[in-house]
Protein chains: 2
Amino acid sequence: MTRNGGSETRAAILEEARRVLLDQGYTSLSMRSLAAAIGCTPTTIYLYFKNKDSLIHTLIDEGMNMLHGRLIQALEESSEGCSVERMRALAGAYFDFGLENQEYYEVMFMLHPQHMDRYPAAKYRSARRNLELFAEQLPEGPSQPVVGIQIWSALHGTISLLIAQRIDNKFSRDELRDLAIEQAVATVAARPIEN
Amino acid sequence: MTRNGGSETRAAILEEARRVLLDQGYTSLSMRSLAAAIGCTPTTIYLYFKNKDSLIHTLIDEGMNMLHGRLIQALEESSEGCSVERMRALAGAYFDFGLENQEYYEVMFMLHPQHMDRYPAAKYRSARRNLELFAEQLPEGPSQPVVGIQIWSALHGTISLLIAQRIDNKFSRDELRDLAIEQAVATVAARPIEN
DNA sequence: CCGCCATGTTTACACTGTAAAGTTTACACT
DNA sequence: AGTGTAAACTTTACAGTGTAAACATGGCGG
């Protein structure tokens with residue numbers, strides 16, 4: 001392969017990895033096929049990424065930033081509403097992001113760490129921002145982060161089962177979406193108002 | 001390896017597979033190491049199981065039956081209670097099963113089908129029994145299976161994130177358990193009584 | 001006794017991630 | 001211009017994966 005100044009190769013790797021991830025999913029993303037697609041040898045990739053996991057980590061990070069954009073946008077669009085309405089918008093945006101970016105969602109939230117190096121602390125923080133948005137919509141403010149986690153977890157449950165195709169097709173996605181969002185909303189509505 | 005009458009080998013395969021699954025997790029479960037552990041060649045396993053996935057399927061089936069036992073027991077112990085109390089017992093039992101049998105839970109509900117052959121229809125039915133138990137606890141009876149699915153999904157969300165170690169350790173498991181269960185209970189309590 | 005079938009092994013293929021060592025290119029500096 | 005060095009990339013190799021095809025062997029029924 002022609003020398004092309006390093007960072008171009010790195011960009012090509014990421015671009016192709018992203019493409020394969022979206023088209024064929026995580027399992028099809030192999031270092032060798034990746035290398036073949038961009039016209040270099042497998043080991044070249046190791047010049048830019050410690051290993052496959054750290055390549056995945058940067059994809060996760062991309063996904064987290066995409067998600068953050070979507071969530072922030074949803075919050076801005078509903079900023080005039082009460083906490084219930086903001087949560088409805090947030091949950092809806094989260095749900096839609098998950099189903100519209102299934103392959104991203106999978107590497108972001110469904111991959112087991114045993115198959116994966118520990119997620120680096122710096123990137124972990126950027127991921128946590130997304131989750132904190134849920135607690136921040138509670139009427140009492142972000143003082144109960146665990147409740148935010150619970151609301152997020154419940155949403156994640158439905159999304160992950162849909163992605164994993166563990167829910168019978170006879171149940172409509174829209175109905176499941178509504179139920180999941182309303183459950184999140186109900187949890188907010190049940191909180192005491194304190195701020 | 002000595003001929004030992006077939007079903008013994010099959011039993012040994014399953015026993016070792018179960019052991020590895022519980023000890024080292026799904027990723028460590030390889031046909032070759034499995035064969036080495038029970039003292040046969042990898043291909044011998046293919047006499048008893050079509051492929052790795054179908055071996056996993058029978059483990060999933062085992063897990064589903066274990067889970068069913070736990071859920072039925074919880075329901076029996078709470079049979080005198082109202083639908084809210086029965087759901088509390090059911091959700092608690094489901095949650096505990098998940099965390100006490102993480103490796104089973106993972107293959108049962110968290111593995112992506114792309115990595116896996118389609119779950120056989122017959123076994124799928126036995127899995128569905130477990131989910132139907134949730135809808136059956138609704139005050140209006142099992143007429144709204146999708147609500148049962150939603151309650152189950154939300155529980156699954158918390159469990160799967162805990163198993164995947166995607167929830168910060170600073171959040172106590174007990175508190176998350178309580179919140180998840182109460183969210184399930186609240187969804188039941190919010191239903192109209194019709195039967 | 002003989003043939004068949006269940007039970008198993010041997011061998012092989014096409015993959016996977018990744019480490020070590022060697023090679024080529026580009027550029028800075030004397 | 002010539003040389004040193006570092007970046008970029010390849011070659012080769014290892015150890016592992018699932019699994020298919022062909023071959024061997026034991027025991028049992030006719």
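Mentor: The crossing of α4(B) and α5(B) is right-handed. A crossing gets that name if the near helix is turned clockwise from the far one by less than a right angle, and it is left-handed if anticlockwise. Helix α4 of chain B covers residues 52–77, and helix α5 of chain B covers residues 83–100. Helices here are DSSP runs of H or I with at least four residues, strands are runs of E with at least two, and both are numbered from the N terminus.

This is a predicted model, where local features need pLDDT of at least 70, side-chain atom pairs need 80 or more, and totals for chains, interfaces and linings use all residues. Residues count from 1 along each chain as its sequence is written, chains are lettered from A and ligands numbered from 1 in the order written, and side-chain values use heavy atoms, without hydrogens and water.

Back to the pair. α4(B) and α5(B) pack at about 150 degrees, and their axes are 8 Å apart. The axes are lines fitted to C-alpha atoms over the stretch in contact, and angles run from 0 to 180 degrees between N-to-C directions. On the α4(B) side, the contact uses B:G63, B:M66, B:L67, B:R70, B:L71, B:A74 and B:L75. On the α5(B) side, it uses B:R86, B:A89, B:L90, B:A93, B:Y94, B:D96, B:F97 and B:E100. Contact means heavy atoms within 4.5 Å. These residues divide into 10 nonpolar, 1 polar and 4 charged. Nonpolar covers Ala, Val, Leu, Ile, Met, Phe, Trp, Tyr, Cys and Pro; charged covers Asp, Glu, Lys and Arg; the others, Gly among them, are polar.

Look next at the loop between α3 (42–48) and α4 of chain B, where B:F49 sits. B:F49 has a relative accessible area of 3%, so it is buried. Buried means under 20% relative accessible area, exposed means over 50%, and partly exposed lies in between, with a 1.4 Å probe and protein chains only. Beyond four places in sequence, B:F49 touches B:R10, B:I13, B:L14, B:S54, B:L55 and B:T58. B:F49 and B:S172 are 123 residues apart in sequence, and their C-alpha atoms are 41 Å apart.

Further along chain B, B:Q144 lies in the loop between α7 (121–136) and α8. Its relative accessibility is 31%, so B:Q144 is partly exposed. B:Q144 is in contact with B:A135, B:L138 and B:R191, leaving out residues up to four places away in sequence. From B:Q144 to B:L162 is 18 residues along the chain and 28 Å between C-alpha atoms.

Now chain A. Chain A has 9 helices and 0 strands. Of its 195 residues, 53% are buried. Its C-alpha atoms fill a box of roughly 60 × 40 × 30 Å along the principal axes.

Take helix α8 of chain A, residues 145–163. Its 19 residues should span 27 Å at 1.5 Å a residue, and its end C-alpha atoms lie 26 Å apart, which agrees. The expected span is 1.5 Å times one less than the number of residues. In α8(A), 18 of the 19 residues are buried. A:S153 belongs to this helix. A:S153 has 0% relative accessibility, so it is buried. A:S153 reaches across to chain B: outside four places in sequence, it contacts B:A154, B:G157, B:T158, B:L161 and B:I167.

Just after α8(A) comes A:Q165, with a positive phi of about 55 degrees. A:Q165 is not a glycine. A:Q165 sits in the loop between α8 and α9 (173–189) of chain A. At 43% relative accessibility, A:Q165 is partly exposed. In chain B, B:Q165 has a positive phi of about 55 degrees too, and it is not a glycine either. B:Q165 counts as partly exposed at 45%.

Finally, the rings. The whole structure holds 10 aromatic pairs over all chains. Rings of Phe, Tyr and Trp (its six-membered ring) pair if their centres lie within 6.5 Å; planes under 30 degrees apart are stacked, over 60 edge-to-face, and the rest tilted. A:Y105 and A:F109 have ring centres 4.9 Å apart and planes at 50 degrees, so this pair is tilted. They are 4 residues apart in helix α6 (residues 102–110) of chain A, about one helical turn. Both A:Y105 and A:F109 are buried. Ring pairs join A:Y94, A:Y105, A:F109, A:F134 and A:W152 into a cluster.
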